[in-house]
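Hi,

Here's the structure I promised to pass on. Have a look at it first, then read my notes below.

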Amino acid sequence: MRRADAVLVHTSAGKDSVVALHRTVMAAKAAGCLDKVVVVHADLGPGTEWPGVRELAQRQAERYGLRFVVVAAPGGFLGMVENRGMWPDAARRLCTSTLKRDASAHLYTQVATALGLDGQALLLSVYGVRGGESRARALKPVLSIDTRASSGRRLILSWNIIHDLTSDEVWQEIRDHGLEYHPVYDCGLDRLSCIYCVVAPESALILASRACFALGLTAPEVYTELERRIGHTFKPGITLGGVVAAARMLDALDGPLTWERGDALRRHLGEDAVQEWRRNLALAI
Ligand code: SF4
């Protein structure tokens, strides 16, 4: 970290990102180089993410007095799907490569140019990727050279700073340090992804639809209309039309989805954790 010319923390504002950010800040403070740290958020476009994600990412950065930068690809997620006439899939996550990686590449150029170094700049890119999330992520190294983004002008190192943490350990850090997390976790969702994520299981898509109904969001209509227009199903064997119909049926049977602030912590760590988190959050602000 001392050797790096800049440290870029890539954040979705999700639970793993906020813990990765906190750990990066602690490491940078210990190394005496907090001034090198910049927080980067990739905006996936209107109507794609849960309300308040970008603002939350900014608050999470500002808590430590860090510079906050937003990168965005033109058209966003929905524009990309409309143009291609297809949804991305798990094998070809064009959404991640186009909307996040390519958008960040422009930022690397800007940062390296602004540094004005004679030689190659060393940029340390930090991610909240955990090995426990999937087999593919388990195989990712903790530290590696990003050969795709590196060039003669810049060497990019990728650091998966919380690669070894479990989901419960992430929630423990959120409790212990009073880190602000997005309220959508409280309704039972485990990831702060796009409202409809192409790698989410069907159960999560149904839950997301019910959360949209409760919050009065138009994503279910917008996405199902797009699916109908392009004639390509959201996931192999799963249509969003079917997902939304299943969500409506569950709402009719069980009533609308309800949740309270702190339910995610309650679910993972118990009632005491909610009180502790509230105390720590109040002290941190
Ligand atoms: S959250 Fe899912 S759908 Fe959204 S960009 Fe990431 S992989 Fe793609």
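This is a predicted model: local features need pLDDT of at least 70, side-chain atom pairs count only at pLDDT 80 or more; totals for chains, interfaces and linings use all residues.

Helix 1 covers residues 15-31 and helix 6 covers residues 167-176. Their axes come within 10 Å and cross at roughly 60°. Angles from 65 to 115 degrees would count as roughly perpendicular and those under 35 as roughly parallel, so these two helices are oblique to each other. On the helix 1 side, the residues that meet helix 6 are Lys15, Asp16, Val18, Val19 and Arg23. Their partners in helix 6 are Ser167, Val170, Trp171, Glu173 and Ile174. Sorted by class, that contact has 5 nonpolar, 4 charged and 1 polar residues.

Now zoom out to the domains. The assignment gives domain 1 (6-160) and domain 2 (183-284). Their C-alpha centres lie 24 Å apart, and 23 residues of domain 1 are in contact with 27 residues of domain 2.

Then there's the ligand. Both domains give residues to the shell around the ligand, so the ligand lies between them. Among the residues surrounding the ligand are Leu44, Phe77, Arg93, Lys100, Ser193 and Val198, and you'll also find Cys95, Cys194 and Cys197 there. Helix 4 (residues 94-115) gives the most to this shell, with 3 residues. By class, the shell has 6 nonpolar, 2 polar and 2 charged residues.

Cheers

Definitions and conventions. Residues are numbered from 1 along each chain as its sequence is written. Side-chain values use heavy atoms; hydrogens and water are left out. A residue is near a molecule or strand if one of its heavy atoms lies within 4 Å of it. Helices (H or I, at least four residues) and strands (E, at least two) are DSSP runs, numbered from the N terminus. Ala, Val, Leu, Ile, Met, Phe, Trp, Tyr, Cys and Pro count as nonpolar, Asp, Glu, Lys and Arg as charged, and the others, Gly among them, as polar. Domain bounds come from an automatic or database domain assignment. Axes are lines fitted to C-alpha atoms, for helices over the stretch in contact, and angles run from 0 to 180 degrees between N-to-C directions. Angles under 35 degrees count as roughly parallel, over 145 as roughly antiparallel, 65 to 115 as roughly perpendicular and the rest as oblique. Contact means heavy atoms within 4.5 Å.
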